[in-house]
Amino acid sequence: MHVLPYLVAAYVFLTGCYGLATSRNLIHAVGCLAVCQSSTYVLLLAVGYRDGGTAPVFSDIKPGSRPVVDPVVQALTLTDIVVGATVTALLLALVLQIAKRHGTVDPDELRELRG
Amino acid sequence: MHHLLPLLVAVPLLGAALLVATGRHLPRIAAEITGFAVSGGTAALALVLLLNSSPPMVEWVGAWLPVGGESVGIVVYGDGPALGMAALVSLLTLAALAYSWRYFDEPPRSHRGAFTALMLVFQGAMCGFAIAGDLFNAFVFFELMSVTAYALTGYRIDEAKAVQGALTFGVVNSLGAYGMLMGIGLLYARTGELAMAKIGRGLDSAAGHGGGDALVLAAFVLVVTGLLVKAAAVPFHFWLPDAHAVAPTPVCMLLSGVMVELGAYGVWRVYGTVFSGPGGIPAADLTRALVTLGALTAATGAVMCWYQRHIKRLLAYSTVSHTGLFLMALGVLTPEGDDGAALYVLGHAGVKAALFACAGVLLDRYGCLDEHTLHGRARELRATGVMFAVGAVGLAGLPPFGTGLGKAVSEEAVGGPLTVVYVAASAVTAGAVLRVAARVFLGLGPQPEEAGSELETSGSEEEPETRGRLSRIPDTMRTVPAVLLAAALAVGAVPGFGDLVARAVNEAGSGGAHASAGWTAHGVLLGLASTALAVALAGLAVTRPDWTAAPDWAAPLRRLQSGHVGDYVAWLLMGAAVLGALALPGVLGG
């Protein structure tokens with residue numbers, strides 16, 4: 001198994017974290033969170049990859065005739081995407097409401113809750 | 001009997017779906033009664049299952065039974081601690097729904113029942129997390145409960161602070177959850193399994209005679225980081241005060257009473273079934289990591305709690321401090337430590353939820369949660385004041401409160417100098433709550449001066465959550481905290497209850513080693529000592545108000561709580577690195 005996809009996953013995760021930590025715009029921050037999540041897709045799909053494997057759909061291939069990639073991680077990735085869509089939608093709705101109530105989406109100006 | 005386990009999740013979710021579908025056509029009272037019936041029914045089911053949880057039940061959902069030891073089905077697991085947490089979640093949800101009976105504005109016509117429905121989803125997700133037998137489902141329920149909690153925290157979307165707190169909560173917790181998912185992916189890569197017990201066995205057989213390696217360490221750090229973010233251990237705790245200060249009071253009761261504790265429960269469950277074998281993380285390393293982070297959490301929470309004037313934030317920091325105490329008790333990895341943590345969590349849930357309920361009464365009566373502005377104004381609320389003070393001594397661990405029993409058993413388990421952390425943290429947090437009670441409900445001491453520090457949230461201009469300001473306190477808002485306090489008292493006072501909890505926990509956790517959990521002279525004395533210390537601290541604070549002004553050495557600590565979500569993310573990464581460093585020596589040595 002090649003190590004490259006794992007390094008890519010770690011790189012994408014840390015890039016997203018860097019974006020979150022330095023973001024000057026909350027919409028950008030929510031986007032960065034989605035980037036962090038994309039790294040989990042990369043990781044899961046890399047875990048399930050098989051050399052020469054095909055998609056795990058058995059309508060036109062005979063079971064056992066050729067290797068298929070791991071369907072479990074694909075199911076996990078799909079679930080993960082659904083979860084991510086929910087989170088992103090909810091967080092963007094909150095950002096919208098913050099923009100209405102505070103008149104800004106810059107986290108540097110949202111410092112009411114402190115101490 | 002075990003076929004009923006999935007109903008703990010299904011019933012609340014179906015109830016919520018029913019309310020969302022029909023809520024707009026129902027009168028409010030019908031929607032609320034449906035909520036009670038569903039939530040109460042689930043609580044009854046959880047209790048019935050709990051009484052039958054020995055030996056533990058295993059259910060493969062949808063009859064996807066394992067074939068030849070291999071399975072891709074979803075497994076739920078019902079042992080004492082899992083069903084105990086599910087029962088606690090359900091009972092507390094019932095209490096929070098009862099408390100909110102007269103609480104909210106009449107919701108808009110098209111959203112009637114929305115709050116109740118969200119609470120039911122929250123209950124179902126927390127029950128699901130408690131009984132999940134495989135890691136990926138634990139993650140899914142973890143995210144479901146998180147998303148519902150963000151929505152509930154920002155429920156009053158017209159309030160600027162509420163949406164801000166909810167966003168911080170959402171970003172930090174989601175990032176933790178994605179870390180946890182990466183860890184699960186790594187574990188699946190190593191073992192090809194998702195069920196916790198099978199991952200544990202897979203790690204052991206993959207390691208052979210050596211110990212865990214870098215991959216196991218990375219997976220451990222990622223999974224535990226996600227759970228510790230939920231448990232609000234330092235330095236993952238920054239979201240908690242922001243979220244608890246702005247969430248509606250019934251939601252605070254659940255967040256603080258049981259959701260945060262589910263993070264600690266998750267750490268216990270995941271370590272015990274996945275990482276405790278020879279192929280995992282050695283016990284000494286887990287103890288080092290959890291006890292260090294726990295002591296740091298307890299100290300930070302206590303210091304920050306003492307210097308708060310926003311009453312809900314003060315209670316939130318007290319939760320942070322207590323989480324540290326739970327983590328320390330779990331971290332020593334003895335049967336006694338597990339028993340102590342379980343009893344402490346039970347007692348703490350009752351006491352802390354009651355305290356939040358009393359704070360909610362103040363908010364709705366005066367539109368204010370600021371200790372300084374409220375000075376002496378709540379003299380007429382005698383019953384609430386008494387309950388607030390009783391809750392404070394409960395936090396201090398006065399025998400025979402459940403918190404006192406849990407604290408006493410935990411102190412015996414950790415032993416030695418760490419006992420000081422328990423006494424000090426519980427005395428300081430309880431002292432702060434007692435100080436609030438003395439100032440707000442009795443008007444003792446001089447009116448505190450307006451310092452006007454840039455570093456704090458005052459809470460002097462909050463919107464009440466009821467339709468208008470309350471002229472009299474509804475019976476539900478008085479009864480619920482009283483019942484919760486009585487329950488917290490019963491945990492410690494009913495003879496044999498401690499042993500019952502200990503037996504259930506030990507059967508699940510420590511491989512047959514039984515410990516008994518009851519009052520000892522030593523524990524009673526330490527409980528009395530921390531209560532006396534709390535009263536003394538509160539007395540000092542009331543008579544000498546400059547004691548509650550933050551000294552210079554505490555200022556950097558308060559500046560860390562900057563309200564900036566980017567800072568919190570940076571701390572999360574830093575915390576994960578620290579966790580890895582604390583757990584590293586065992587992997588190097590192995």
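Predicted model: local features only at pLDDT ≥ 70, side-chain atom pairs only at ≥ 80, totals over all residues.
Over in chain B, the things to look at are helix α8, which covers residues 214–231, and the largest pocket, with a volume of about 1200 Å³.

**Chain A overall**

- Taken along the principal axes, the C-alpha atoms of chain A fill a box of roughly 60 × 30 × 20 Å.
- Chain A has a radius of gyration of 19 Å, whereas a compact globule of 115 residues would come in near 13 Å.
- Of the 115 residues in chain A, 38% are buried.
- Take the contacts in chain A between residues at least 6 apart in sequence, and 51% of them join residues at least 24 apart.

**Helix α8 of chain B**

- Helix α8 of chain B runs for 18 residues and reaches 25 Å from its first C-alpha to its last, close to the 26 Å expected at 1.5 Å a residue.
- The rest of the structure largely encloses α8(B), because 14 of its 18 residues are buried.
- Just past the end of α8(B) sits Ala232(B), which takes a positive phi of about 60°.

- Set aside the neighbours within four places in sequence, and Leu215(B) is in contact with Leu186(B) and Arg190(B).
- Leu405(B) is another matter: Leu215(B) and Leu405(B) are 190 residues apart in sequence and 40 Å apart in space, C-alpha to C-alpha.

**The largest pocket**

- The largest pocket is lined by 44 residues, and the ones nearest its centre are Leu50(B), Gly84(B), Leu346(B), Phe497(B) and Val501(B).
- Several helices of chain B give two or more residues each to that lining: α2 (28–51), α3 (80–99), α10 (249–275), α12 (311–331), α13 (335–366), α17 (475–493) and α18 (497–509).
- Helix α3(B) makes the largest contribution to the lining, with 11 residues.
- Sorted by class, the lining comes out as 34 nonpolar, 6 polar and 4 charged residues.

Notes:
Residues numbered from 1 in each chain as written. Chains lettered and ligands numbered in written order. Heavy atoms only, no water. Helix = DSSP H or I, 4+ residues; strand = E, 2+ residues; numbered from the N terminus. Expected span 1.5 Å × (residues − 1). Buried < 20%, exposed > 50% of the residue type's maximum accessible area, 1.4 Å probe, protein only. 1 Å grid on protein atoms, 1.4 Å probe; cavity = no way out; pocket = protein on both sides within 12 Å on 5 of 7 lines; lining within 4 Å. Points joined across faces, edges and corners; volume = space filled by probe spheres on them. Nonpolar A, V, L, I, M, F, W, Y, C, P; charged D, E, K, R; others polar. Contact = heavy atoms within 4.5 Å. Rg over C-alpha atoms; globule rule 2.2 N^0.38 Å.
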